[in-house]
Amino acid sequence: MAPRLSAASTPLAPVVDACLAQSCKSKSAPFVRSFSSTPCQQKMSRARQQMFQWLKGREGSEFADPRGGPRYLGPLQDQPFPLNPLFRSQPVLDEQTRELIWDKVMGRGESLKAVSAEMGVDVRRVAAVVRLKEVEKQWQREGKKLAIPYAKAVMSMLPKTSYREGEKNLPHEPVNEIHVHKLTMQQLFVPVSESRHFTREDAAKAFHDTMLCVDARSPQPELIKMEREILEGKSRQESLAKFKEATQKEEDKVARRIAQEQQREEKATTRVTTDRYEFRFKEINADDVGRNGRSRKGTGWRYGAPFDDRKRGLVKIPTSVP
Amino acid sequence: MRKPYRFYSLARPKLRQSWNKYNLYNLYRQTGREPQIRGTPTFFQQKWAAKAKTRSYHGEHIPEKKWVRLFSRRLLSAVDMPPEYLAAHDGSEQAAGRGSGLTTSTVTAETFSKVPALSTQERSRRRPLFGDVNKLLSDQFNNMTPYMQMTFAPLERRLDTAVFRALFASSVRQARQFVIHGAVTVNGKKMVHPSYQLNPGDMFQVDIEKVMYGTGVQKEAQAHKRLHENLEARQKKADQAFQNAVKKLGGDATTEQAAAEGETEGEKPEAEAEAAEGEAAASEDAGSLTPEAQWKLNNRALKFLLKDVKKILKNNPKDLTAKEKKQLRLFRADAKRFLSHPEKSEADAVELIDELQLQMKSHELMRESFEKLDLKEGQDQSQAEAGAEAVQATSKEGEEQPAVNREREVEKGLEGLSDEQKTKAKRIIGDAQLSKDEMRKLARLLQYDEENPIDDSKPYATPWRPRPYMSAFAFIPRYLEVNPNICAAVYLRHPVARKGTAEVPTPFSYLTSQLTHNWYLERG
């Protein structure tokens, strides 16, 4: 695109002169003239001017090329949105900590709950970190290229928590967080005698007969047990060892159950390998489809049952990916 | 839905889920704020305005009908219950003595919590608006669970939004495109529906190239024109010079030597270099040459190869100048040609260096054998060579030692020689040879460069840089766990509200969200 002439900076006369001079000079095309004799308007509204002024100013240029460390708009340091102090950019686990978690779980064979309690990271996050790290390691083994420059840039822009082994560390997030149950969100008036020892369990019962109390809904019941033992007078180390053993045992149990399930599955299938395919046969009971032929347990389609997978108005988007 | 006309506007600003600079500016000037109440807007009008504002940010690409079906009045929240508290108290202390007027129980679960609090440090203090009623109203919300900020939580479950929140795309619309184009997998299976609702524990993964494209600086046309011109010119010259050299060598060995001497004197260093290059490029063809002549060619090639590298190696790999970086890239291309790799081959930096080292070693061995054979050469010449050899031996013994030490050893080895011979010997050692330490350094340098190489086949500007204004939008909400190395993330759980914070990233104040929530409750 040809450069535009700004209206304010250049008066008309030299432009016209230049045009004239050019048209006189070139003999091949004597009638070359600009289409309009007035210079075109610089289309820059006031709002745009102000925007670019801000972007090129001190504040805007800081965002354009950040110099290490997070930088957000909001008045508070970790507030990305100026109007919403209720949303903050919370720190993420840094590279070394994620590596450490992976090493603890996969290398040293510690249980997820023990790692979670020790490092102050949610159990689900610990599991996710290990899962993602495993994929990363697999990529490295396969020689696949990682997105290193991207990762470096992103991690430099985010607030981070780092865990140093053998030092005193702040927890990353609460490990024993409990969802607020729908039933507890209403106000309830329960007349109780003053002398009665009204505990959490009683409160849960008051909300609903089948409702569990906080201790039962906790993701880390072993941890509560450990703290209780410590309060009863046992030494911290002893109860910690007990806690680790208990969580380890629980995890082993789960692992064993999964292995057994796989074994059972394997037993039920007959594999026949041909040069091209591997056929897997399983016993199927035709009656599993149920009375209307739509039971989830059933296999295949019962003759006559309507097949809705292409019907209009029915959602085809999968609800889960196994 | 079609992208609306004037998506980013300054006259009628709307906030968008995007890293665009217009959006940044609109955020900065607090576009989405609740207006000061003037006149008497009806409740309906207030709700309508709030709804319009929030919907232009949250899922503006989703039809209203679909969002209304997603809307849920059940807002999720969570409470931290430290195990220490649960062990120490059974909850009866909350009720104890209430009937007899005791209301000052200070024991709460919150007092046991050790999680670091949110920062209250202000970075920049802007002049507050005098008499801002909205601000006065909002102050109290910091001490309660902001449920209303969770109004748009169901949208955060969508795959396209999650991809955007994990910083894998620069806008939701781009994330949506990535999904539709098949660049996103969920639990290892390709998922092409942007409206797929993630379940807790789902892992989604985006193609690395797409992420680099989405979050990187845009590519300019002909950005590396100069570099390519340089490379091409080099190759062309090298080819020609090689032809010349072959001709000369075939004709007369002595004249060739003289010519080489003349060249090394400094008359035409470029041409000499090119000659050496050319030799490297097609050493196969040089089979007809005598071994000695071939060795000489090889020597010159090596010398040229290592000419610039020596200078670069003295610096820290992190702060190379642009010119040095360019030289490094040229070196890589040259080395590939010297080791007769194909031009486009994806040789690993370590591999390249290993091969180079092997070449050098064999080159050195050949030289030694020549010297044993060739006793007819001038006395001084052989002496210099011998001195060089001695130095070589000593330096090989002390491979790990730093360069200064090596320099001293060189000096020691060259004792008893004239100055001229010394310089000659040094040139032989210095130009055509790198110590192991230097080799290792070079390998590290090349690896560092390889992490983020110049590659014109990519759809983004190379070497990759984050796009401008990204840092203002760079945050990862806690309900996602992201591994940026493989561009994958796990959706851990649904977003929740806690005391004083809500996990749904929304740029609007509590008042706006409240009005919006009321709109969707449909209670008139």
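Predicted model: local features only at pLDDT ≥ 70, side-chain atom pairs only at ≥ 80, totals over all residues.
Let me begin with a pairing in chain B, where strand 5 and strand 6 run antiparallel to each other and are joined by four bridges; two strands are said to pair if DSSP finds at least two bridges between them, and helices (H or I, at least four residues) and strands (E, at least two) are DSSP runs, numbered from the N terminus. Residues are numbered from 1 along each chain as its sequence is written, and chains are lettered from A and ligands numbered from 1 in the order in which they are written.

Strands 5 and 6 of chain B form a hairpin with four residues between them, and in the turn Cys487(B) has a positive phi of about 55°.

Met203(B) stands opposite Val490(B) of strand 6, and Asp202(B) has Tyr491(B) of strand 6 as its bridge partner. Strand 2 (residues 184–186) of chain B is also antiparallel to strand 4 (residues 202–206) of chain B, with three bridges joining them; Val184(B) stands opposite Val206(B), and Thr185(B) has Gln205(B) as its bridge partner.

How many of the residues of strand 4 of chain B are buried? Five of its five are, where buried means that 20 or more other C-beta atoms, placed from the backbone, lie within 10 Å of a residue's own, with exposed meaning 12 or fewer and partly exposed in between. In a regular strand the side chains alternate between the two faces of the sheet. In strand 4 of chain B both faces are covered, with Asp202(B), Phe204(B) and Val206(B) buried on one side and Met203(B) and Gln205(B) on the other. Strand 6 of chain B likewise has both faces covered, with Ala488(B) and Val490(B) buried on one side and Ala489(B) and Tyr491(B) on the other.

Let me turn to the interface, where 80 residues of chain A are in contact with 94 residues of chain B, contact meaning that C-beta atoms, placed from the backbone, lie within 7 Å. Helix 6 of chain A gives the most to the side of chain A that touches chain B, with nine residues. Strand 3 of chain A is joined by three bridges to strand 1 (residues 78–80) of chain B, and the two run antiparallel, with His179(A) opposite Ala78(B).

In helix 7 of chain A, the buried residues are Tyr150(A), Ala153(A), Val154(A) and Met157(A). Seen down the axis of this helix, they fall within an arc of 95°, so they line one face of the helix; the arc is that of the directions from the helix axis to the C-beta atoms. Helix 10 (208–215) of chain B is included in what covers these buried residues.

Finally, a word on confidence: pLDDT is the predictor's confidence in each residue, from 0 to 100, and the mean for chain A is 87, with 87% of its residues at 70 or more. Among the elements of chain A, helix 6 has the highest mean pLDDT (97) and helix 1 (residues 12–25) the lowest (45). Over residues 3–28 of chain A the pLDDT is below 50, and this stretch has 22 contacts in the model beyond near neighbours in sequence.

How values were computed: Contact = placed C-beta atoms within 7 Å.
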